[in-house]
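Q: Could you walk me through how some of the helices pack in this one?

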Amino acid sequence: MFNRESLLQRLQELPFPKREYWVVAGAAMVLHGFRPQTHDIDLGCSTHLADKLERQGYAVSRCEDGTRKILYSEDIEIFENWIEESAEILWGVPVVCADGLIQMKKKLGREKDLADIARIEKVRETSRLK
C-alpha cells in the first residue's frame with residue numbers, strides 16, 4: 001500500500017522526465033487528498049516515453065483503443081497518452097487535475113470508480129463550504 005509519503009518516494013525514484021509522464025487513477029486520488037492510500041501506481045505517459053520503454057524491453061500490451069499499456073514493475077503500470085483535461089504539479093510531480101480524474105473515472109465506469117467520483121465531489125463540496 002502507498003500513502004502520500006511512500007508514493008512520493010517511489011515516484012521520485014523514477015528516471016522519467018516530468019514532462020513525459022503524469023500520475024492518474026488511485027495514486028492521483030492520494031496526491032489530491034481524496035483518499036489516504038492506494039494499492040498501486042498508474043501513470044499516463046507520452047508516446048515518446050512509451051516508445052523508449054518498449055525499446056528497453058518492458059512488457060507491453062495494447063488497450064482497446066490501440067494505445068500501449070506497459071508493465072514497468074510489480075507496482076507500476078504505465079498507459080500511453082491516458083489523460084483527460086490536463087496535469088498539474090502537486091508535491092513536485094505531475095498529476096492529472098481533479099476534473100480530469102473525474103472524467104477518467106466516468107469513462108471506466110466501474111463501481112469503485114463511481115464511488116471515487118462521489119468521494120471527490122464530497123471533498124470538493126466540503127472544501128467550498130469552509
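Q: How are α1 and α2 oriented to each other?
A: In this predicted model, the axes of helix α1 (residues 4–12) and helix α2 (residues 25–32) come within 10 Å and cross at roughly 120 degrees, so α1 and α2 are oblique to each other. Angles under 35 degrees count as roughly parallel, over 145 as roughly antiparallel, 65 to 115 as roughly perpendicular and the rest as oblique.

Q: What do I need to know about the conventions?
A: Residues are numbered from 1 along each chain as its sequence is written, and side-chain values use heavy atoms, with hydrogens and water left out. Because the model is predicted, local features need pLDDT of at least 70 and side-chain atom pairs count only at pLDDT 80 or more, while totals for chains, interfaces and linings use all residues.

Q: Which residues make the contact between α1 and α2?
A: On α1 they are Arg4, Leu7, Leu8 and Leu11, and on α2 they are Ala27, Val30, Leu31 and His32, where contact means heavy atoms within 4.5 Å. By type, these residues divide into six nonpolar, one polar and one charged.

Q: And which residues of α1 are buried?
A: Leu7, Leu8, Arg10 and Leu11 are buried in α1, that is, under 20% relative accessible area, with exposed meaning over 50% and partly exposed in between (1.4 Å probe, protein chains only). They cover an arc of only 160 degrees around the axis, which puts them on the same side of α1.

Q: What covers them?
A: The cover includes α2, along with β1 (21–24), β2 (41–45), β4 (68–73), β5 (76–80) and β7 (93–96).

Definitions and conventions. Axes are lines fitted to C-alpha atoms, for helices over the stretch in contact, and angles run from 0 to 180 degrees between N-to-C directions. Helices (H or I, at least four residues) and strands (E, at least two) are DSSP runs, numbered from the N terminus. Ala, Val, Leu, Ile, Met, Phe, Trp, Tyr, Cys and Pro count as nonpolar, Asp, Glu, Lys and Arg as charged, and the others, Gly among them, as polar. The arc is that of the directions from the helix axis to the C-beta atoms.
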